[in-house]
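Here is a short briefing on one protein chain. Please look over the sequence and the model before reading on.

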Amino acid sequence: MESRTYILLAFETTHAATAMQRRLSGRVGFAVMPTLRLISASCGISLRVETENAPELFSLLHACDIPYAAYLIDEALSMAQRL
C-alpha cells in the first residue's frame, strides 16, 4: 500500500523533469505523475518519492544543478508544504 505522505518534485520545464528522471534512475525509487492542482507553477510533470527515500533523495538533490521545487504532500489532509 502506498503511503499517504510523500515528497513531490515539480519542475518548470519538461527538460528539467526528464533530466531529473535520468539523475535519480537506479539511485532512488520514484514514480512519474501529473503535478497536483495544489502546486501552481509547474510544467505538469512531477516525480513522486516515498518519504523513506528522503535521505538518499536530498543527498542527490544537494549536488544537483537541475532546477526543481520539493513539496511534502499529505493526501489525508489534502495539503502541500514546500520544502
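Predicted model: local features only at pLDDT ≥ 70, side-chain atom pairs only at ≥ 80, totals over all residues.

Residues are numbered from 1 along each chain as its sequence is written, and side-chain values use heavy atoms, with hydrogens and water left out.

**Overall fold**

- The chain has two helices and five strands (DSSP runs: helices are H or I with at least four residues, strands are E with at least two, numbered from the N terminus).
- Their order along the sequence is β-α-β-β-α-β-β.
- The radius of gyration is 12 Å, which agrees with the value near 12 Å for a compact globule of 83 residues (taken over C-alpha atoms; the rule is 2.2 Å times the number of residues to the power 0.38).
- The C-alpha trace spans about 30 × 25 × 20 Å along its principal axes.
- Of the 83 residues, 36% count as buried (buried is under 20% relative accessible area, exposed over 50%, partly exposed in between, with a 1.4 Å probe and protein chains only).
- Among contacts with a separation of 6 or more, 67% join residues 24 or more positions apart (contact means heavy atoms within 4.5 Å).

**Nonpolar cores**

- The largest nonpolar core has 17 residues, and Leu9, Phe11, Met20 and Leu57 touch the most other members (a core is a set of buried Ala, Val, Leu, Ile, Met, Phe, Trp, Tyr and Cys residues joined through side-chain atoms within 4.5 Å).
- β1 (5-10), α1 (14-24), β3 and α2 (54-62) each supply at least two residues of this core.
- α1 gives the most, with five residues.
- Another core lies apart from this one; its eight residues include Leu8, Ala10, Ile39 and Ile73.

**Threonine 35**

- Threonine 35 sits in the loop between β2 (31-34) and β3 (45-50).
- Threonine 35 counts as buried because its relative accessibility is 17%.
- Its side chain makes polar contacts with the side chains of serine 42, at 2.9 Å, and serine 46, at 2.7 Å (a pair of N or O atoms within 3.5 Å; within protein, one must be able to donate a hydrogen and the other to accept it, and residues adjacent in sequence count only if both atoms are side-chain atoms).

**Phenylalanine 58**

- Phenylalanine 58 is in helix α2.
- Phenylalanine 58 is partly exposed, at 32% relative accessible area.
- Leaving out residues up to four places away in sequence, phenylalanine 58 touches Ile7, Ala70 and Leu83.
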